[in-house]
Amino acid sequence: MLLAIGSVAVMGAALGGLLGAAAKLLAVEENPLEVELLAMLPGAQCGQCGYVGCGQYAAALAKGEAPVTACAPGGKSVIEALAKKLGVTADMDDHEEESLQYAVVDESLCIGCMRCLAECSVDAIVGAAKQMHTIIKQECHGCKKCFNICPTEAIKMVTVPVTLSSWHWHKPQSGEGAVH
Amino acid sequence: MKLFPIRGGIHPDYRKERTAEKAIVAFPVPAKLYIPLQQHIGAPAEPVVQAGDLVKKGQLLAKGQGAVSAPNHAPTSGRIEAVMEVTAPHPSGLPQLTIVLESDGKDEWANDLPAPIADPFAATPDELRARVAWAGIVGLGGAAFPTPVKLNLGSQLKIHTLLLNGAECEPYLTCDDRVMREYASDVLDGARIMAHTLGAAKIVVAIEDNKPEAQRIMAEAAKPFPNIAVTGVPVQYPMGSERHLTQAITGLETPARKLTADLGVVVHNVMTARAVHKAVREGKPLLSRVVTVSGGAVSEPKNIEVLIGTKLSELISFCGGLAKEAKRFVNGGPMMGQPLPGLDVPVVKGMSGILALTASEVNEQPANPCIRCGTCVTICPCGLVPVEMAAVIRKDHLDQAAHLGVMDCVSCGSCSYICPSHIPLVHYFNYAKGMLNAQDREKRRLERVKTLAEARNARLEKAAAAKKAAAAAAAKKAAEAAASQSTAENRPGA
């Protein structure tokens with residue numbers, strides 16, 4: 001009886017000590033919250049939030065230094081997810097929900113300077129030095145980095161139009177009538 | 001045949017007597033036809049003609065793109081006037097790419113149409129499916145889902161029954177009723193071909209009990225075929241929904257986000273069966289359909305066989321114009337049909353009815369607060385809780401609405417119809433479904449952006465590593481060259 005109690009007590013102490021030492025020695029330095037937040041962000045590294053990239057923004061969010069509303073390409077869904085994760089209420093007032101845009105190159109103005117090519121975070125621009133550039137519409141996510149850097153203002157931002165497949169019913173206004 | 005009860009449902013005023021006894025009349029070829037490129041669920045068709053081309057009746061105008069799509073054919077002979085944006089017969093009133101065909105009045109068939117398949121029951125399912133796909137046939141009951149895709153279900157799942165849907169539970173509409181009465185043998189032949197394609201041994205034709213004449217004629221026509229059963233189903237809206245019809249016939253409820261095919265049943269509309277008959281037996285593509293033109297505002301309601309692409313305004317004039325002021329034009333039935341932006345839009349493949357409803361028929365009333373009577377819960381044919389779903393959607397808690405099963409709503413409109421407070425319940429659900437689908441698309445888009453950004457980073461890292469390696473190699477080479485030079489210099493006597 002005593003032997004059993006003694007041996008279990010000794011084993012408990014030894015294993016507990018081992019776990020305690022492991023927790024200290026093998027501690028993960030990375031903030032796990034930061035990793036989770038980074039996974040929620042679009043990962044486009046567009047820099048519209050004011051940070052260098054998504055990683056830096058996630059770090060700032062984890063420290064509570066950045067507002068959850070800063071990610072423009074993420075839109076409302078990302079803001080809501082971040083707010084839920086951080087347990088804050090997103091102030092949607094200072095987030096302007098812009099309709100999705102894409103960039104187009106005005107062929108007559110492009111001088112083929114390659115500056116926009118280096119800026120594009122999703123490699124959506126094709127072109128070569130002194131050759132006209134063009135933007136793959138389907139891949140452009142509307143971050144405006146190319147629009148801002150173009151020296152000849154050859155890049156225009158165009159709103160993605162509502163089509164028959166993307167259109168859906170609006171929300172019924174309060175008091176709006178039923179039909180039957 | 002033993003029938004099984006379906007949950008809930010309503011009994012609206014059917015108002016079918018206005019057109020039920022009117023035989024189908026053919027509408028003459030109009031001067032101009034407008035053929036939209038997207039008349040079906042899936043990817044829009046891609047035009048293969050351009051302005052100025054001369055085409056013959058039945059010639060291909062636009063080919064299907066991708067797995068779920070449907071081609072379009074010239075409904076008559078003539079000249080392509082333009083391929084341009086025209087207002088779509090869609091509640092949004094948005095334009096869509098449309099082929100405008102100017103008729104030459106000759107109505108000449110193309111001479112390169114495929115030959116009729118003399119014995120379809122000796123043909124392989126693939127051969128028949130290819131013919132149906134070529135003909136551009138989509139579900140003519142209103143959903144406009146490409147028929148060949150549905151006929152392919154037999155290759156993945158074991159299908160035991162083809163359920164031919166002649167329920168026509170929507171008020172006003174009688175086009176399916178008329179097609180069954182006037183083309184019973186064509187409909188059954190098409191159904192037998194579809195059953196052969198699916199590998200289904202049994203065919204059940206289900207017709208609501210308010211169409212006794214159609215039931216009698218179809219039963220008569222089905223006598224030579226022991227594997228076809230014609231059965232009446234109770235008059236109960238929404239009996240014509242494929243999930244509910246399947247339940248009424250088999251007693252099995254289709255699980256959420258599954259197909260009736262998972263239960264071994266595939267449902268096709270009777271008019272679709274007639275189109276399949278024409279494509280296989282006559283080698284003709286889908287160029288026309290029967291449409292019910294009705295509603296209190298129409299002078300002489302009719303059932304009309306009309307070419308796809310005819311403007312609705314011409315059909316209304318054909319019915320003697322409007323006798324009263326129309327408050328709303330509807331594409332389809334009054335329960336599930338969608339409002340039209342006007343009459344300056346063309347007839348499309350999925351258009352089963354054109355209704356011009358008067359203000360008293362529309363009966364629009366301001367919504368009052370919910371009195372929590374629970375009637376919507378009792379009548380919901382899908383077993384959902386409309387009152388709760390609408391409450392959370394009003395507060396934009398869409399995730400909660402999804403949790404309550406809003407995506408399983410079939411938008412039958414029974415709840416809106418029955419609500420004593422006139423709350424536009426189904427409008428809330430259509431909004432929520434649209435928003436949830438949009439969020440889904442957005443999520444996929446962001447994932448794509450992430451993949452592209454990661455691919456770019458990988459490319460940049462690779463380029464940087466290659467540059468570094470090249471620089472290191474160059475430095476090493478320079479060092480070696482310098483070393484060999486210095487040894488040469490140090491050589492005595494050099």
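Tutor: In this predicted model, chain B is divided into domain 1, covering 7–27 + 124–364, and domain 2, covering 365–487. The centres of the two domains, taken over C-alpha atoms, are separated by 34 Å.

Student: What makes up the contact between domain 1 of chain B and domain 2 of chain B?
Tutor: Residues count as being in contact if their C-beta atoms lie within 7 Å, and the contact takes 15 residues from domain 1 of chain B and 14 residues from domain 2 of chain B. On the domain 1 side, the residues that touch domain 2 divide into 7 nonpolar, 5 polar and 3 charged.

Student: Why is helix α4 of chain B called largely enclosed by the rest of the structure?
Tutor: A residue is buried if 20 or more other C-beta atoms lie within 10 Å of its own; 7 of the 8 residues of this helix, which spans residues 175–182, are buried, and therefore the helix is described in that way. The buried residues are Cys175(B), Asp176(B), Asp177(B), Arg178(B), Val179(B), Met180(B) and Arg181(B).

Student: Which residues touch the most other members of the largest nonpolar core?
Tutor: Of its 108 residues, they are Leu162(B), Leu163(B), Val205(B), Met218(B) and Val266(B), while helix α5 of chain B, residues 184–198, contributes the largest share, 8 residues. Leaving aside residues up to four places away in sequence, Val205(B) touches Leu164(B), Gly166(B), Met218(B), Ala222(B), Ile228(B), Val230(B) and Thr231(B).

Conventions
Residues numbered from 1 in each chain as written. Chains lettered and ligands numbered in written order. Predicted model: local features only at pLDDT ≥ 70, side-chain atom pairs only at ≥ 80, totals over all residues. Buried ≥ 20, exposed ≤ 12 C-beta atoms within 10 Å, placed from the backbone. Helix = DSSP H or I, 4+ residues; strand = E, 2+ residues; numbered from the N terminus. Domains from an automatic or database assignment. Contact = placed C-beta atoms within 7 Å. Nonpolar A, V, L, I, M, F, W, Y, C, P; charged D, E, K, R; others polar. Core = buried A, V, L, I, M, F, W, Y, C linked by C-beta atoms within 7 Å.
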